[in-house]
Amino acid sequence: MMLEALYLDIALLVLTAIIAPYLRKQPKILYVFASLALAFTLLVSLEESLSGTIATGEIATDWFTSLILTIVLADVLVVVASSFQLLNLSPEGPSFIATLLLGIAGLIGLSHAGTILMLLVSWILVSVTSYAMIALMKDKYSASGATKYGLMSLASSMLLLLSLTFVTTQDQNLSITPLSSPPIIVAVATLAFSAAAFGFKAGIFPFHAWLPDTYGISDPYPVAVVVAISKAAVILAFYKLAILIAPIVSSHWLTLLGILSVLTMTYGNITALLQKGFQGILAYSSIAHAGYILIGIAALSLPDPHLRYLAMLGLLMQLVTYSFAKTGLFLLAKLIRQKESPPLKLEQLNGLSRVDGSLAASSLILVLSLMGMPPLVGFWGKLFLFFSVVGPATWLTAIALINTGIAAAYYARIIKAMYFEPGSPNLSKDRGLKVAVIISAIISLLAGFIPILLPIQ
């Protein structure tokens, strides 16, 4: 029954994407169809997360991959359901919706990939649709960001193809199952090339060069959607890779990804501290958050199931934190930044609390969640991630704690601008986007109470 529902929701997404260009003159119908398709997919994903593991050849999913998908679907549904006014005014609105739905179909493929071929095809679909969404805004800033994003996505896909070639030539098996004792050099090479491939997608140092130009200067609206999809795709791909080779390269996995995590979070946080633009801060902090996520991914190779479980909980909480906070804050940037205007400066947020108190309060919650302030969901994400490696890699936890302190400094600058600096931001009258920011804040607040109910093994 679950497989039939899965096939049906993919069919709904693809069908809606196909008919989207023909509904340009009936935008309300299109957005109702898109919202219903996303809502149905969300319900199916949530049901799968409660049903346990599903493994039938090409299809393989479990509670973790289903919850990753559920988080992103909830985030995207909030944005799409609140964007009618914005996309209705844009001639590219239907194309954007179609591209987004195809990207979600690719993400479903990643979460359900039972074979290497399905993993690769789904990865390419997510990559192509991600940079296409940035490019569809068609202003000069988005065109520049999309070009760099597209080139890096191409490099990412080619590196992934190369790394998976190592696996298939050794095992002669396309299923995503633990490899039967391949040479250690093959497993390490697969890990290295895959880390580079996923690093390009997530903005992991030193594969991050595209991200500041894409997130930092492009139109904030498509970025608000892409941020969640791209990070979820990387977590899912690493998780599938861990099934293949983590038991064989356990120590190398922890060391390599731990080092990349340190470099990524340190570079991202220090560079964000030097930024003068609001979008620039959000861009470089996205790099830093890729470093935090790598902590949980590094812990997937640990032999202790309790630590792996903590890492998976941490990844889920961190994805909730990152997805809704970054989505809400990029939508805030969209409410202030006019089309074709330069990237948003931090001083353009000055006085937001006096212009719109509810929007400022919601943005404050999102910033505090990213900062890791209890009891918000961001606190739990960092707590679980740091505890998962505190024994096997104490150095990694210590450096992550230092980086958390560095991040607090630039997040405090955003709060200062909104509440303590004189000014009067010129806000868009798009009520839908404002509602999306508020809903994102409410979810970030309520999600902070979920870990209290979780069964900690």
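I'm calling a residue buried under 20% relative accessible area, exposed over 50%, and partly exposed in between (1.4 Å probe, protein chains only).

**Set-up.** This is a predicted model, where local features need pLDDT of at least 70, side-chain atom pairs count only at pLDDT 80 or more, and totals for chains, interfaces and linings use all residues. I number residues from 1 along each chain as its sequence is written, and side-chain values use heavy atoms, with hydrogens and water left out.

**Salt bridges.** I looked for these next, taking a salt bridge as a side-chain nitrogen of Lys or Arg within 4 Å of a carboxyl oxygen of Asp or Glu. The structure has three of them.

Entry one is Lys 334 with Asp 219, whose closest N and O atoms sit 2.9 Å apart. Lys 334 is in helix H13 (residues 305–336) and Asp 219 is in the loop between helix H9 (210–215) and helix H10 (220–245), so this pair ties together parts 115 residues apart in sequence. My helices are DSSP runs (H or I, at least four residues; strands are E, at least two), numbered from the N terminus. I checked cover too: Lys 334 and Asp 219 are both buried.

Entry two is Lys 434 with Asp 356, a salt bridge at 2.9 Å, N to O. Lys 434 belongs to helix H18, while Asp 356 is in the loop between helix H14 (352–355) and helix H15 (357–371), so the two tie together parts 78 residues apart in sequence. Here Lys 434 is partly exposed at 26% relative accessible area, whereas Asp 356 is buried at 13%.

Glu 421 comes out partly exposed at 24%, and Lys 416 is partly exposed at 46%.

**Nonpolar patch.** Patches take residues with over 30% relative accessible area and no salt bridge, joining like charges within 9 Å and nonpolar side chains (Val, Leu, Ile, Met, Phe, Trp, Tyr) within 5 Å. Areas are Shrake-Rupley with a 1.4 Å probe, and for residues only the protein chains shown count as cover.

I found a nonpolar patch of about 640 Å², made by Ile 442, Leu 445, Leu 446, Phe 449, Ile 452 and Leu 453. Helix H18 (431–447) and helix H19 (450–453) each supply at least two of its residues. H18 gives the most, with three. I looked up Ile 442 on its own: this residue is in helix H18, and at 45% relative accessibility Ile 442 counts as partly exposed.
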